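Student: I have a two-chain model to go through. Could you take me through its architecture and its interface?

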Amino acid sequence: MDPSAMNPVDLARREMAFYADLFNKMAEVCFRKCVTRYSDGDLQTGENVCVDRCVSKYLSALQKVGELLQETQQQQTGGAVGGLPSR
Amino acid sequence: MAGLPTGGLSSEDEKRMMGIMQEMQIQDSMRLYNELVATCFQNCVDNFRSSKLEGKEEACVVHCAQKYLKAAARAGQRFAEQQQQQMMGLSGSSGSSGGGSK
């Protein structure tokens, strides 16, 4: 990788973008899984518990997928998971 | 990302282009990561009786991710083939010689 891609500002920016995206996706997934009734605007106890557990499971899944991606990258020497068309 | 038209750029512009492509590739990898987790979690995890992933859920997530990557790689191959065919079709038109068949 070009060392100029490793400057701290770019790294920080990418990391922030990543976490923002992660959070948004996680929030949406857990909302869809846990909250299905809209008779009123407050979360019920069960829904709160569900969201808590959903976040916990989601972060575990994040870790597992991260490990898989790292393995895959190591097999394709030296690089980002390239060759995929952007969507 | 082979096959993109970078011919005709000054070496300065080409350098910039390489930088941009690298950045896009990095961002795409990160986006892919998050996309994988969201999609596979959505497909594989349905109960929240506990806050830990069950064995079968974890296996499902990993398999889903593996398949997703393979399907995307295959789609990428087909995409590149189509692109190439298109480009060859454009350059080999109007009676020019030497345009062999694949």
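Student: To begin with chain B, what share of its 102 residues is buried?
Tutor: Buried residues, those under 20% relative accessible area with a 1.4 Å probe and protein chains only, make up 25% of the 102 residues in chain B. This is a predicted model, in which local features need pLDDT of at least 70 and side-chain atom pairs pLDDT 80 or more, while totals for chains, interfaces and linings use all residues. Residues are numbered from 1 along each chain, chains are lettered from A in the order written, and side-chain values use heavy atoms, without hydrogens and water.

Student: And chain A, how much of that is buried?
Tutor: For chain A, 30% of the 87 residues count as buried.

Student: How many helices and strands are there in chain A?
Tutor: Chain A has two helices and zero strands, and chain B likewise has two helices and zero strands. These are DSSP runs numbered from the N terminus, with helices (H or I) of at least four residues and strands (E) of at least two.

Student: What span does H2 of chain A reach?
Tutor: Helix H2(A), residues 45-75, has 31 residues and reaches 46 Å from first to last C-alpha, close to the 45 Å expected. The expected span is 1.5 Å times one less than the number of residues.

Student: Which residues of H2(A) are buried?
Tutor: Among them are Cys50(A), Cys54(A), Tyr58(A), Leu62(A), Val65(A) and Leu69(A). An α-helix has 3.6 residues a turn, so residues three or four places apart point the same way.

Student: What covers those buried residues?
Tutor: The cover includes H1 (8-34) of chain A, together with H1 (11-44) and H2 (55-91) of chain B.

Student: Which residues touch the most other members of the largest nonpolar core?
Tutor: Of its 30 residues, Tyr58(A), Val65(A), Tyr33(B), Leu36(B), Val37(B), Phe41(B) and Phe48(B) do. H1 and H2 of both chain A and chain B each give two or more residues to this core. Such a core is a set of buried Ala, Val, Leu, Ile, Met, Phe, Trp, Tyr and Cys residues joined through side-chain atoms within 4.5 Å.

Student: What is Tyr58(A) in contact with?
Tutor: Beyond neighbours within four places in sequence, its contacts (heavy atoms within 4.5 Å) include Leu22(A), Met26(A), Val37(B) and Phe41(B).

Student: Turning to the interface, how many residues of each chain are in contact?
Tutor: The contacts join 36 residues of chain A and 39 residues of chain B.

Student: And how many salt bridges cross it?
Tutor: The rule, a side-chain nitrogen of Lys or Arg within 4 Å of a carboxyl oxygen of Asp or Glu, finds five across the interface. Arg14(A) forms a salt bridge with Glu23(B), with the closest N and O atoms 2.8 Å apart.

Note on methods: Buried < 20%, exposed > 50% of the residue type's maximum accessible area, 1.4 Å probe, protein only.
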